[in-house]
Amino acid sequence: MKYFFDLKNLISHPPTAPRRALKTFSLFHTINHFYIKFETRLRMIFDDRPIIFLKKPGMKKSLFFTVGCLLMGLGVTAQIPALERVEPMFWWVGMSNPNLQLIVHGNNISARKVELNYPGVKLVAVHKVENPNYLFIDLRVFSAASPGTFPINFIKAGEKTLTYHYFLKKRDRSPGRVQGVTDKDLIYLLMPDRFANGDPKNDSVTGMRETGINRSKMFSRHGGDIQGVMDHLDYLKDLGVTAIWLTPAIENDEPSASYHGYAVTDHYKIDPRYGTNELYKKFVEKCHSMGLKVVMDLVHNHAGTEGYTISDMPMKSWVHQWPKYTKSNFRDAAVMDPHASTADRKQILDGWFDHRMADMNENNPYVENFLTQNHIWWAEYSGVDGFRLDTYPYNDAEYMAKWAVDVRTEFPHLSIFGETLVWSAANQAFFTEGNTVNRGFDTHLPGVTDGVWKEAVYDALNAKEGWTEGVNRLYSVMAQDFLYKDATKNTIFLDNHDMSRFLSVVGEDITKYKSGMAMLMTMRGVPQMYYGDEILMKNFSNPDGLVREDFPGGWPGDKSNKFTAAGRTDKENDAFNYVRTLANYRKNTPALQTGKLMQFIPEKGIYVYFRYDEQKTVMVVYNSTEKEQSITTERYAERINGVLKARNIISDQAVDLSKLTIPAKGTLVLELLPNNTH
């Protein structure tokens, strides 16, 4: 005998659930919350006979009633606590914005009256919403308020009063917190699950939907964590890194394949398989003590479907709803196209990223407050120096502009850059601040991930020179910096966790690899490298898991330890030392950080540009052809300015500037030497 339920189909397609009547969708989410735990019990009750969860026409309302009665009949209670949580769980006095909105979640909490009394804190309003399990409480924390704890009482006649003790803290204004990440820095991007396992005790956490690790499977958890990153900060410091960007370390309690971190299920909690909130804060503090900065990866656009605000939604408009599951078209042009159809524009902005990544409705003021306050909370709590904003073009533009203003009002030095994997400089500039391309309003987004620059570098390294192809494409992309208010705030990169590794893109050609790294370290913008680039990690993103392999040596028992010179091959050490030399030279050379850039039109495949300030001039020469070339330098006289010799940064040897020889696909990085120093 088989038992048929509609439940599994609904859980696999969560977008359809919130469209039901409210009491129905509330029951659905209750069942969803307990589904995994009770499937095993159902099998036991029914003698382990197959329970097939199958959609049957016309069974929607009766199904929920039937399954609900079944669970109650089995002695299963699926009620959330009377007061499950209050978020933000604490706040600070002295914030620029005195307004604070608390989200309160608890079983039928809206049936209770809210009372509080604390000097300097005013209860402005209490909002009841569609779901009776929520209240939204508006507070005003005046400048006169002192740090301290006060009770928030939830009162209902004939029942015990529920009390939450709310803590207002003093802001931490210690120097070195929330410093900002700028063109003076070199960012190292890593995935915490794949970098190093510093605490095997958190590899499997009881109660989470995905437990255990399996390093042989690319989409399983591998066990890397925050402690593992902390254990290797000396390695990163020695490499020349000045800032560390972790893919999201926030809880992703999805059933599978959420190791990447972009399906958030608890916005206020570090995933326990990575550590704790307290450990994350210690990580930031340790980085700061070593002269390193930290970038936090934020996801506004979507959230994991197992989070409490999705599985028990405050209101149907918390996420974007569709008659059936609708995925984003991911076509950024529809956002800016003056001829775009309304349907196309709606799909990129409101379509879901994935079945398990619900698209947040940023036009909902409760959602706006929830996200903005969460990000302010993390900056104040941990002291991180910058935010990277995931999938920036898919968000509501007006909200994101307001978000940027609100966040930077609290933290003027905080750096912000948005992910915009688009395919022209104009498309990128559309999302940046200053209304420079006639968008009609200011996004207040200082910089973007410069994927257009990356593609141009690929062309310069791999394609033959043409009027607009090969190295001329790179020249042209740089020439379009006039589109930005300040192109130096763009983050330049050669690869990341969502694309093929750089070494594979250049056909594992070490000379091309070195030329790309030289450009990364000497061009304008904020350079970002991807973990393992320095030790020649390779692969194509087909699928993405292939470019997210473990860093060798990050786990006890690994066959080799690439964190040490002894564990690396000669070829790997050559690459590591090349990157290390350039990165540390850049770290100590302001001309490569904040200096001006002058480029010359490529000629016979030779591309020359200079970075310079009043103290120093650095000349970069790239030969894009397949043969060694020698050139004279009279053409570059306006920047060489009579200097006769230079120092090769890699070999540390003096070079005669009157004639230069550049290997095929090779690059020279030369520091011009004043004539009186040789």
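Visitor: How are α7 and α11 oriented to each other?
Guide: This is a predicted model, where local features need pLDDT of at least 70 and side-chain atom pairs 80 or more, while totals for chains, interfaces and linings use all residues. Residues are numbered from 1 along each chain as its sequence is written, and side-chain values use heavy atoms, leaving out hydrogens and water. Helix α7 (residues 277-289) and helix α11 (residues 365-382) pack at about 60°, axes 9 Å apart, with axes fitted to C-alpha atoms over the stretch in contact and angles running from 0 to 180 degrees between N-to-C directions. Under 35 degrees is roughly parallel, over 145 roughly antiparallel, 65 to 115 roughly perpendicular and the rest oblique, so α7 and α11 are oblique.

Visitor: Which residues of α11 make the contact with α7?
Guide: Contact means heavy atoms within 4.5 Å. From α7 come Asn277, Glu278, Tyr280, Lys281 and Val284. They meet, on α11, Trp377, Trp378, Tyr381 and Ser382.

Visitor: What stands opposite lysine 645 in β28?
Guide: Strand β27 (residues 645-648) runs antiparallel to β28, joined by 3 bridges. Across from lysine 645 sits aspartate 656.

Definitions and conventions: Two strands pair if DSSP finds at least two bridges between them. Helices (H or I, at least four residues) and strands (E, at least two) are DSSP runs, numbered from the N terminus.
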